[in-house]
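Dear colleague,

Please find the structure below, followed by a short account of what was found in it.

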Amino acid sequence: MRLLPIAAALLLSATPACADGLPPERLTAEESEGQLLLIEKALAAGRMVQTDAMLRWLEPRLVDGYRNRFNLLLAEYFLAREDAASAEAAIAPVDGALVDSCRFSGIWGWIAFQKRDWNRAIAMLANAVDACPGDPGRWNLLGQALTKRGEYAASIEAFDAALTAAPFQAAVLNNRALSLAYSGEMARAISDLEIAVAIAPENLAISDNLAFLRANAGLDMVKGPASDDARTLAMAGEGALAASRTGIATSYFTQAVLAYDRFDPGLWRKANGNFETGGE
């Protein structure tokens with residue numbers, strides 16, 4: 001297989017297609033396949049500038065039989081850039097009967113998710129996981145869409161499937177913990193978050209959630225990398241306040257005030273026992 005070097009692709013994308021102004025020569029099917037594989041690897045690695053340049057270079061040279069696959073890849077690139085409108089324009093001409101149904105449905109589900117169209121997101125992602133039941137990313141996204149709809153039992157099942165396919169994923173454990181908490185299964189939720197924090201101690205959002213739920217359940221904060229973080233202390237205060245444990249809440253808010261590197265008037269009010277949510 002003759003693959004065009006990445007460096008050449010990047011160089012050519014910034015130059016005229018041809019010295020005589022003619023359209024660039026089309027690649028063979030084998031060359032098109034090789035280029036698409038290179039772009040998929042670049043996108044998976046998060047090399048967005050390189051992906052953009054390679055897509056621009058390939059589009060006018062691509063053999064027609066690979067147009068559907070190219071558009072799927074283009075849509076995934078736009079979704080990675082959180083540009084749902086461009087992703088939808090890229091996938092609109094794709095014939096779903098001619099492409100991988102897991103990938104096709106997954107992209108439409110992701111587009112609907114970013115547009116907050118939970119019903120369509122759930123429908124398309126359910127199709128996607130039917131086609132590829134071993135894909136943890138699509139199960140996780142389906143679980144999040146179900147959580148947004150308040151369908152917590154179904155969302156927990158989706159997160160269970162994601163964790164079966166790829167155990168010990170901190171983000172998925174965090175997502176399942178939130179659905180468990182909304183379902184009233186506080187002990188299981190806290191257990192999930194404790195495992196997630198051990199896996200990803202640098203993720204303060206997970207530490208925040210753990211602090212909130214432990215305080216809400218009447219438990220002390222777990223000492224760790226985030227235990228002195230002002231935001232996490234404030235979250236513990238909110239958790240205690242949600243459980244009407246005002247004395248403990250005030251203590252956490254006071255600690256948060258002391259930990260902040262700036263003055264927060266709202267936090268200061270709460271540290272002084274004023275829990276009203278009105279304006280200044």
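What should the 14 residues of helix H11 span, and how far apart are its end C-alpha atoms? At 1.5 Å a residue, helix H11 (residues 186-199) should span 20 Å, and its end C-alpha atoms are 20 Å apart, which agrees. The expected span is 1.5 Å times one less than the number of residues; helices are DSSP runs (H or I, at least four residues), numbered from the N terminus.

This is a predicted model, in which local features need pLDDT of at least 70 and side-chain atom pairs count only at pLDDT 80 or more, while totals for chains, interfaces and linings use all residues. Residues are numbered from 1 along each chain as its sequence is written, and side-chain values use heavy atoms, with hydrogens and water left out.

In H11, Ala 189, Ile 190, Asp 192, Leu 193, Ala 196 and Val 197 are buried (under 20% relative accessible area, with exposed over 50% and partly exposed in between; 1.4 Å probe, protein chains only). They cover an arc of only 160 degrees around the axis, which puts them on the same side of H11; the arc is taken from the directions from the helix axis to the C-beta atoms. Ala 187 and Ala 198, on the other side of H11, are exposed. The buried residues pack against helix H10 (170-182) and helix H12 (204-216).

Ile 91 belongs to helix H5 (residues 84-91) and, at 0% relative accessibility, counts as buried. Beyond four places in sequence, its contacts (heavy atoms within 4.5 Å) include Leu 72, Phe 104 and Trp 108.

The mean pLDDT of the chain (the predictor's confidence in each residue, from 0 to 100) is 89.

Note on methods. Helices (H or I, at least four residues) and strands (E, at least two) are DSSP runs, numbered from the N terminus.
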